[in-house]
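Please look over the notes below with the structure open. They concern how two parts of one chain meet.

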Amino acid sequence: MEHNVVIAGFGGQGVMLLGELLAHAGMDEGKEVTWLPSYGPEQRGGTANCAVVVADEPIASPILTDPQAAIVFNRQSFDKFEPVVEKGGLLVLDSTLIDRKSSRADLDVVYIPATDIAMELGNSKFTNMVLLGAYLGKVKPISMASVHGSLAVFLTGKKAALIEVNKKALQAGVDFVNKK
Amino acid sequence: MSNKVLMKGAEALAEGAIQAGCRYYFGYPITPQNETPEYMSRRLPEVGGRFVQAESEVASINMVYGAACAGVRVMTSSSSPGISLMQEGISYISGSDVPCVIMNAMRGGPGLGNIAPAQADYFQAVKGGGNGDYKRIVLAPSSIQEGVDLFIDAFELADKYRMVVMVIVDGLIGQMMEPVEFKTRVDVSTLKTPEWATVGRHGRDHANIITSLTLDAPGLEQWNLKLQAKYAQVELAESRIEEYQMDDADYAIIAYGTMARIAKTTVRIARAQGIKLGLLRPITVWPFPAKQIQAYIGKLKGTLTVELAYRQLFEDVQLTLCDKMPLGWYGRGGGIVPGPQEILTAFEEQFGKGR
């Protein structure tokens, strides 16, 4: 079994961290994982993105030409990755920031106002966790408990105080897709 | 719970070097391997080592040369154009019979090219690059864990044969994160300064002299013969290959590094379609695992060499298999990495449906 996803947005939106968290949680479950960032000039000015693969078997290709899913944070990323998600795949997008609907009928598209939900929780910086929650509510490459465990690894020292609100943001994402 | 950590390749390989006892790093920055010197600059002082950012690649490799003469475990790393600048030094180090490890995170070329994954430095790494008849051991990992393990082997091999060992990767392995486990295999405290090191006489009756200069021709020929004998020994003892799904294979893809990793998926897709495809993955590209590949003569109906370059690895496959079976080739350049399906399409174009 293999789950793969592209995560894309502006630098600073927590795109890479979302991917790392997913990969780390997968590793903690004993799964094979890869995390591949876009790097160098590609990263400057435009969108930042990373590809994460979580699998039971050794992962051959960390490059995703037609990912099973995409989590997109902004319009540019939406335009870039909407066409490449595989048929029947999943697209999770932040409808607070993306004003366009998907033109593909063959995708499961989650329009979640992730930034609005994050603001209600106190800070737009939790947007990435809301989107991750929505993704995990749809497909389950790893358990929520593992993500919680990884949060504690990433958020240490002063940031440890943010673990609970990040968990809430994750749950808000899960609840949003479960309500639908 | 395992002892695995999630690490970027360029950092994990650097830690592998430290675990192998490397205490000296000299280098000059270039993408896509800057995390390696960055990591070294942080870690080496913690373990009593030294990190120097040199003023150029030429300076870096000559600092490596100097440290190697002192008999310590030393390395540098760079990417394609930077490695080109080091070729003179590599030849001198090889001609002087001293050990060191060099990592090349290969990028698209020629020239300044770009920073995307490529394998177009194969000839430079495997066939030469610098002047004179020298060889270096070239290791080509295809995962971060393998890279870490091979980095430890690299230092052991360098010392064992007093040779340059090059580890060739690319930006994909350098930038990717994968779980990695460090298995301590080298007891650094047991590493001793070799007898030949130029670290002072210390009561010896002679001074050690290390040079690649031998003006008299018969003397230099003898020196060359000694080097050649060593290379022959390495060829016999150190070639390595991974044979994947080869037991009943009718065809094989031959690929190394990143390309081999992706070709593994091609093998899986082909198998699901009833094509008996396997993968032969050289782990050492010098010495080339010719014997292991030749063992499939008479068993295979053909091979497809796949590389991120234009017929470089393919030349070694041709030398290995000659006309013993149909030899197909597929490659992309300039930093383009073909996906598994693209490779399968290339296979089918050259070998039909593989039946």
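**Notes on the domain interface in chain B**

1. Across the interface of domain 1 of chain B and domain 2 of chain B, the rule finds 16 residue pairs in polar contact, both at pLDDT 80 or more. A polar contact is a pair of N or O atoms within 3.5 Å; within protein, one must be able to donate a hydrogen and the other to accept it, and residues adjacent in sequence count only if both atoms are side-chain atoms.

2. The side of domain 1 of chain B that touches domain 2 of chain B has 21 nonpolar, five polar and eight charged residues. Ala, Val, Leu, Ile, Met, Phe, Trp, Tyr, Cys and Pro count as nonpolar, Asp, Glu, Lys and Arg as charged, and the others, Gly among them, as polar.

3. This is a predicted model: local features need pLDDT of at least 70, side-chain atom pairs count only at pLDDT 80 or more, and totals for chains, interfaces and linings use all residues. Side-chain values use heavy atoms, with hydrogens and water left out.

4. Domain 1 of chain B covers 5–185 + 225–237, and domain 2 covers 242–351. These bounds come from an automatic or database domain assignment. The domain centres, taken over C-alpha atoms, are 26 Å apart.

5. In contact (heavy atoms within 4.5 Å) are 34 residues of domain 1 of chain B and 26 residues of domain 2 of chain B.

6. The rule finds three salt bridges across this interface. A salt bridge puts a side-chain nitrogen of Lys or Arg within 4 Å of a carboxyl oxygen of Asp or Glu. Arg281(B) and Glu146(B) are joined by a salt bridge at 2.9 Å, N to O.

Terms used: Residues numbered from 1 in each chain as written. Chains lettered and ligands numbered in written order.
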